Amino acid sequence: MKKAIATAGLAIALIHTSFSQSESDSLKILRLEKEIETLKNYNENLSGSLEITNMALNDLIRDKKVSDETRWLTLKSSILHSTQIYKKLSDDIINLKSRMTDQDYQGFINSLGSIEGGPLGFSFEEVIMESVKRIGIFESKSRMDRFLEITNSVIASPIAAGVPFVSQAVFASNSLLNVAYSSLMTEKKPDFQKLNRFETELNKYLTYFSALDKANAANQSSYNDRILLLENLQLELMSRLKKEAPKLGYQVPERLNNETIDAYFNRVLNGFSYDYVQLYLARIENRYKNNRGEINYSNLLQRETDLKNFNTHMSALADLSKRFIMYYDNFFEIADSYHTRVLEALDLANSNGIIKGRKVGGTEENPKQVYDRISKNLRDKKSTRDNGIKDSINISDLRQKIEKIEEFRSF
């Protein structure tokens, strides 16, 4: 343990050195500060555990058994530590829920599916109109004008606008193809080859839109499931707190009308805090002090059974924390899968040749440059989003706290 403390101290010193060398990078500074705080906490916890362990070893050497004082200090430290877990786990759940959707990253992906024009340099509305005119599906000008009029109506339809994600492109295409087929069937010599050419032209775009749509739909379904899992975890954590907190003299208040689960947790844990529990345990100690200020640890441990029962159920709190870590890791796995599927859709747009050159910042880009820039943009935005989550949720600290729970259980 002494070696671990020294290692932690050395790591802190090295991080401070890195900090001074990269002060201009605010994101890296924040990450370093988090690491420093984690190492400091770990160092302090390690020192506390070492002190208690040394006391237990001395007791065993001297009397062949652990003293009541050591048992009490271990129990007290364990209870205080679990209080920190409640707060840490609650804050991490709330944080992950709030950061699951990043407007910058998700908004950029949504813009890739716009039928009105987006980063890929084309407007699907214009593609449809230009293809109809160029191919000349109808020989009659009046029929052509009528079809173009219907095209405008379908694209501008509130129904099309209400279709989620990029399904608008599929909806509009299917609607227009049905109209075209119906109109051609009334002609004496319908030219279905022209309609096939029209379908082939649209299909290059629909292949891209469909791939992006499937990626978005799968991500949305997964998002809803993950939010539900996190909220169920919150409810289990609150249920556990309602059972355990009264053992430390704290009655959890009821949830207010229209109060969100997040706001409720924050309110409850402002009351059931580390400071509250520390003061409560100090009062317990004072009950068993004599006139000389000595504490009768034997009577304390025998009579304050609620404290022992509270400590016995700490393993359930550790299990909830481990489940959150599983959800946290799973979030990044799903996010990586979603990102890959979006990039695959973008690859389809590139291979189908539907990306158009455009002027960006006064520079004319060819389609390949547009594709490269958008791909990089996506990766950068995802990296920023992911790093923001990792910087705000110190998962290493939570893992260390779980280790401490399991360590105290071994005493």
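Tutor: Let us begin with Ser 131, which has a relative accessibility of 1% and therefore counts as buried. The model is a predicted one, and the description should be read with that in mind.

Ser 131 is part of helix H5. This helix runs over residues 124–135, twelve residues in total. From its first C-alpha to its last, H5 reaches 16 Å, close to the 16 Å expected at 1.5 Å a residue. Ser 131 is one of the buried residues of H5, which also include Phe 124, Val 127, Ile 128, Met 129, Val 132 and Ile 135.

What does the side chain of Ser 131 reach? It reaches the backbone oxygen of Val 127, at 2.7 Å. Val 127 is itself among the buried residues of H5. Leaving aside residues up to four places away in sequence, Ser 131 touches Gly 136, Phe 198 and Glu 201.

We may now turn to helix H9, which covers residues 192–244. Within H9, Glu 244 and Arg 240 are four residues apart, about one turn of the helix. Their side chains meet in a salt bridge, with an N to O distance of 3.0 Å. Glu 244 has a relative accessibility of 3%, so this residue counts as buried.

The side chains of Arg 267 and Glu 259 form a salt bridge at 2.9 Å, N to O.

Glu 304 lies in the loop between helix H12 (297–303) and helix H13 (305–312), while Arg 287 belongs to helix H11 (residues 274–287), so the pair ties together parts that are 17 residues apart in sequence. Glu 304, at 12% relative accessibility, counts as buried, whereas Arg 287, at 52%, counts as exposed. Salt bridges that share partners also join Asp 336, Lys 382, Arg 385 and Asp 386 into one network. The count of salt bridges comes to 22.

Finally, consider the chain as a whole. The protein chain has 16 helices and two strands. Its 411 residues include 43% that are buried. Among contacts with a separation of 6 or more, 75% are between residues 24 or more positions apart. The accessible surface comes to about 21500 Å², and carbon and sulfur atoms account for 49% of that surface.

How far may the reader trust the details? The average pLDDT of the chain is 80, and 73% of the residues score at least 70. Over residues 1–24, however, the pLDDT is below 50, although this stretch has 30 contacts in the model beyond near neighbours in sequence. Residues 46–65 likewise stay under 50, with 29 contacts beyond four places in sequence. Where pLDDT is low, the predicted coordinates should not be read in detail.

Methods
Residues are numbered from 1 along each chain as its sequence is written. Side-chain values use heavy atoms; hydrogens and water are left out. The expected span of a helix is 1.5 Å times one less than its number of residues. Buried means under 20% relative accessible area, exposed over 50%, partly exposed in between (1.4 Å probe, protein chains only). pLDDT is the predictor's confidence in each residue, from 0 to 100. Contact means heavy atoms within 4.5 Å. Accessible areas come from the Shrake-Rupley method with a 1.4 Å probe; for residues, only the protein chains shown count as cover. A polar contact is a pair of N or O atoms within 3.5 Å; within protein, one must be able to donate a hydrogen and the other to accept it, and residues adjacent in sequence count only if both atoms are side-chain atoms. A salt bridge is a side-chain nitrogen of Lys or Arg within 4 Å of a carboxyl oxygen of Asp or Glu.
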